[in-house]
Amino acid sequence: MDQYIMSSSPHVRSSESTARIMRDVIIALLPATAFGVYIFGLNALWVVLASVAAAMLAEALLQLLMHKKVTVSDGSAAVTGLLLALNLPPAVPLWIPILGSVFAIAIVKQCFGGLGHNFINPALAARAFLLVSWPTAMTTWTIPGADAVSSATPLAALKLGGELSSYSDMFLGSIGGCIGETSAIALILGGLYLIARRVIDPRIPVIYIGTVALLTWVAGPQGLFTGDALYHVLGGGLMLGAFFMATDYTTSPMSASGKMVFAAGCGILTSVIRLWGGYPEGVSYSILLMNLVVPLIDKAFLPKRFGGVVK
Amino acid sequence: MASKLTFKGGIHPLKAIHHGKYLSEKSAIEKCSVPEEIILPLSQHIGAPSTPVVQVGDKVDMGQMIADASGYVSVPCFSSVSGTVKAIESRPHISGKPSMSIVIENDFEDRLYPGIKSPGKLADLSPKEIVDIIKGAGLVGMGGAAFPTHVKLSPPPEKKIDTLIVNGAECEPYLTADHRVMLEHPDEMVRGLEAVMKVLGVNNAYIAIEDNKRDAIAAVSKAAQGKNIDVVTMHVKYPQGAEKQLIYAVTKRQIPSGGLPMDVGAVVVNAGSVYQINLAIEKGLPLFERVVTVTGSVNNPSNLLVRLGTPISHVIGFVGGFAGKIEKLIAGGPMMGITQHSLDAPVIKGTSGLLALDAGMVRSAEESSCIRCGKCVYVCPMGLLPYLLSDFSSHERFEDAEKNHVLDCIECGSCSYVCPANRHLVQGMRLAKSQIMQNRKKAK
């Protein structure tokens, strides 16, 4: 007697899966990672590996301890570990990425309910935690190629006075900065890959970067419309943040209109912090602050309901 | 060629395999063999089940009425073979719930009921007479919903109808029955449409066909030449055939929440239904057979003209049986069809397809955490929030679900299809909808 499965429709599904999406994000980050290791040397590689391994181990251990299903194979912990590493200076001692990953996974992610339940971006939250706790280690930069010499990043030079980097250096990545944020071209390539694979909505990076460009140009140092928008767009962690952090599903709004509002908000906050705040860079804090507002955005910006407009 | 019209949201299911239609779209309609025993449920339509007018032991002819309509929202039922009434008892039904049915033993003579003849020329029939003919022939929506056609074509006088659309979208993957009917009987279909135009008093009508059926578009366009009938090409997207989305795509009118097509002056009829209306008028034939797409993992995917009441097992046998180990046998299409636990249930008025899915074609997977990707929101054709509504449902927060418009859900399944975490989105909303309706009934 043949047996058939009975279930409620639909009976076919798309081949999309959480694991495939995570895999695509990792692939998209490879150019920036490879470039970072190439330009900053082997320590950058150890930072990346330590961060990813610590994230995956922390998740597996915690899920075992909490008697939950171990879901490390979906790749989300690996992505968090990689993103955190790319947000760290290349010369940090290895206990920094390890501690950061454990904080990101154990506290920000797992303690709040695991995948899909974190209320802020885990990698950025970990970076903020590390920056606040060990500010010296987290702001010691290196000139690419040379040994670890304290030097400024392009944005620090802009804010505190110093030698400005050239556009081509910033585009290619031969500047100081975090492991994954220096090469605009590597990050753009990764971003385009994610857009082509329909993993990210292009609205977020376009509006985020566009808003920063507009505001930094308008609020120029010598008066209105004198700002160096291109310098701001290529410098700092904007590319990394706009393509890979602000687009994180869990911490961004669900509707198209909500995403646009979120991206504009990130752009405004980043510009305000860079231009008038105490830090030379504002991407991490802007995204974290906007993450907190996402539940309100989701309530206020709903998709247009079919048949919902009453004349 | 008309412009490609569409709606917001929706998906392209199984696009990589040409929506599965390649299996049967080139197969001309073939007559399925007749079984020894036919099982005709009294309920093959929306509305009150029909009442038997025969008894066990009666001899019946093909096309003879064996059950009459019981009330206004009901239709009569006709024998699809000649033979003897063997039993009136509970038998399997594709809905899953065994249902009272009239079982007839086939004498294989196919004697047509002598009363069957054309009731007259369309030009001589009044709109009311046409509606009576449609009810008298037991006609219901052939797209799957099986709503009594005579009721649909009798809107209350205060609802003015100015738009009539024939639904030739057939947006479900794998199904090609409507495609073949439009391709092989375009003239009859157009003449059936003219009858409906006369009933509703509209001067022009649309025939909407998805762009993946270009041969049908050409054939129907040729048949509709010189008449006030616009053949419009629809962008290929699921669920284009859903009536709200179809009316919007053709006319840009949105049926208000909780409303019906007549609320925006529109009526939508399935292409197969319109063909059947023509058969009732020009040949006097009642509804006792229909085209069914038998496809998927079967040895000869085909479009068969099947006598109503034929058990699924007989139809599968006619196409050479299954081509492998089958995991799911579906009556209908893969997006909204009903899974069967056995092959004993009969083909009925609304059965547009029989789809056999083997392990490689089904994608069952365990639910995992919602990652809040928003894909479900992006594809929902009704602009709802499936992630939120299904979550309310699993926490039994049905009032919250109702407040967030879960009743607007058309259960198309686009959300469940795209979810990367394999969450049971539409299933949760379906549950919430049925619970809310049950609670409303209890409150009365």
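I took helices (H or I, at least four residues) and strands (E, at least two) as DSSP runs, numbered from the N terminus. With that, I found 14 helices and 2 strands in chain A. The radius of gyration of chain A (over C-alpha atoms) is 20 Å, close to the 19 Å that the globule rule (2.2 Å times the number of residues to the power 0.38) gives for 311 residues, so chain A is as compact as a globular protein of that length.

A note on the source: this is a predicted model, where local features need pLDDT of at least 70, side-chain atom pairs count only at pLDDT 80 or more, and totals for chains, interfaces and linings use all residues. Residues are numbered from 1 along each chain as its sequence is written, while chains are lettered from A and ligands numbered from 1 in the order in which they are written.

Next I turned to chain B and its helix α13. Residues 425–443 form this helix, which reaches 27 Å from first C-alpha to last. I listed its buried residues (20 or more other C-beta atoms within 10 Å of their own, C-beta atoms being placed from the backbone); among them are B:L425, B:M429 and B:K433.

Last, the sheet: which strand order does it have in chain B? I read β2-β8-β7-β4, an open sheet with antiparallel pairing (two strands pair if DSSP finds at least two bridges between them). Its edge strands are β2(B) and β4(B). I also noted 8 bridges between β7(B) and β8(B), with B:I102 as the bridge partner of B:I88.

Definitions and conventions: Expected span 1.5 Å × (residues − 1). Buried ≥ 20, exposed ≤ 12 C-beta atoms within 10 Å, placed from the backbone.
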